[in-house]
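Here is a short report on a protein model, covering its pockets and a strand arrangement. Keep the structure open while reading.

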Amino acid sequence: MNNNQNIIGRIEECSRLDRCMRSNTAQLVVVYGRRRVGKTFLINEYFNNRFAFKLTGVYGQKRKEQLQNFTAELNRKSKKKYSVPVDWTEAFNCLRDYMDGLSEDDKQIVFLDELPWLDTKKSGFLPAFEYFWNDYASTKHNFIFVLCGSATSWMDEKITKNKGGLFNRQTCRLYLEPFSLHEVEEFLTSKEIYWSKYEIAECYMIMGGIPYYLNLLDSEESLHQNIDRLFFKKKGELWDEFEHLYNTLFTNSEYYVAVVEALSEKKGGLTRGEICDRVGISKGGDISKILKNLSLSGFVVVCDFYGRKKKESLYQLSDYFTLFYFKYIRGHYGKDEHFWSNSVDNASRKAWEGLTFERICKDHIKQIKSKLGISGVLSEEASWFVKSDDEKGITGAQIDLLIDRRDHVVSLCEMKYSLSEYDIDKVYDANLRNKISTFSKVTNCKKTIQLVMVTTFGVKRNKYSGLVGTQVLLDDLFRE
């Protein structure tokens, strides 16, 4: 149905919206996901900005101002002169009056954007909308209501898991993920930015697959020039993005910032108890809510530990921009406007690239499994480590990514980011052999153990490369 060439990726989401358009019943579409991920753009472009009515909530405004905006938009669409309603119940009655006059032969699309910002304290917005939907809008076969919001925790609690008037009312739920490497390449090409896959991967380490950030890139500048301009130039476009991002998403944002800062200092992740100890938050409901909201918003992921119970899972910071902020922006902003260009050969930066490449690999498990030829095989991803124990004869070992497969194979993934083929030397060969033997011994794993090297340009053939069973290259991570 939709042939908009401006939409990059989002194939499944557009297909779902196509089904909504074909339906002969009223549709309540919920769109949510991390801020800046392109939710509003998708809806605007898919429907070609042809809405019977559209309202966007404004951050920090009270009910009175939000109702004034509502009335202005309604008068603009209806060509009438509705007075500013006293509350949201009256506002939706005005909307009902307006929509009664619209054609029943055409689809009527209503888009309520930044919904959490409309539902201010004691505003009565949500109960009023619930009544409006259940009593009126849901009975109209040609109505499609799209509800969108960046405060993912609010959308999850108040809409998708609503226990009141909107319980089980959603007909379509779209959670927008950041772009994959393939989609980022497609997006950059649409902007006439032609970078190598190595450069795109470096860009991904900083911005992730967030369309808003990617759209700020200038095709006439190199990657390094772009990063300097956006992040390190005084008053650059993204110099204050971190504060704005967390303040607009979370109430009491300082607690959320404290948690992500603690996670940024521990690449392997922290348990729930370790986070509480580092941040100084009680182990009660507050930390549970914070971790849940950070996870729903795409900033934190839960990484299972192989062989342990779920309650011992590790929380890892997964948002590339946040990781980049704590590593570089917070300490360097304003000191050197060419910081990124000047640090190209910095040893610390090389170490950061290696660690962040591991994050990219974890976010492209689908592509790794495709290269391994196991796309249809059920699997679970986890991490694993053990400390040295002289009494038990155990040498410490760590595996950042393993794929536990239902075909009785465990793929141990080693991830290395380099400018050329990765050269395995005698020391690293011994390290790899120790990882495999220690893992087998400690876990008593009965499955076949496969060593997978995930590298940028492959492993250089030498007398130590024979241990590598399968290779996954950077090019493979760019698969659809």
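The model is predicted.

**Pockets**

| Pocket | Volume | Lining residues by type |
|---|---|---|
| Largest pocket | about 1,200 Å³ | 13 nonpolar, ten polar, 13 charged |
| Second largest pocket | about 950 Å³ | 13 nonpolar, eleven polar, nine charged |

Start with the largest pocket. Its lining holds 36 residues, and Glu 177, Pro 178, Phe 179, Ser 180 and Asp 363 lie nearest the centre. Two or more lining residues come from each of α1 (11-22), α8 (181-190), α9 (197-207), β6 (300-303), α16 (320-332) and α19 (365-372).

Turn to the second largest pocket. Here 33 residues form the lining, with Trp 154, Leu 249, Phe 250, Thr 251 and Lys 289 nearest the centre. The elements giving two or more residues are α5 (115-118), α7 (152-160), α12 (241-249), α13 (253-264) and α15 (285-296). Of these, α15 gives the most, with six residues.

**Sheet**

Five strands make an open sheet in the order β2-β3-β4-β1-β5, and the pairing is parallel. The edges are β2 (53-56) and β5 (172-176). Each has a single partner strand, so one side of each is left without a neighbour in the sheet. From one strand to the next, the twist averages 15°.

Thr 56 stands opposite Asp 113 in β3.

A helix also packs on the sheet: α6 (residues 125-135) touches β1 (27-33), β3 and β4 (143-149). The direction of α6 makes about 160° with that of β4.

Notes. Residues are numbered from 1 along each chain as its sequence is written. This is a predicted model: local features need pLDDT of at least 70, side-chain atom pairs count only at pLDDT 80 or more; totals for chains, interfaces and linings use all residues. Side-chain values use heavy atoms; hydrogens and water are left out. On a 1 Å grid over the protein atoms alone, a cavity is a set of points where a 1.4 Å probe fits but cannot get out, and a pocket is an open set with protein on both sides within 12 Å along at least five of seven lines; lining residues have an atom within 4 Å of a point. Grid points are joined across faces, edges and corners, and a volume is the space filled by probe spheres set on the points. Helices (H or I, at least four residues) and strands (E, at least two) are DSSP runs, numbered from the N terminus. Ala, Val, Leu, Ile, Met, Phe, Trp, Tyr, Cys and Pro count as nonpolar, Asp, Glu, Lys and Arg as charged, and the others, Gly among them, as polar. Two strands pair if DSSP finds at least two bridges between them. Axes are lines fitted to C-alpha atoms, for helices over the stretch in contact, and angles run from 0 to 180 degrees between N-to-C directions. Contact means heavy atoms within 4.5 Å.
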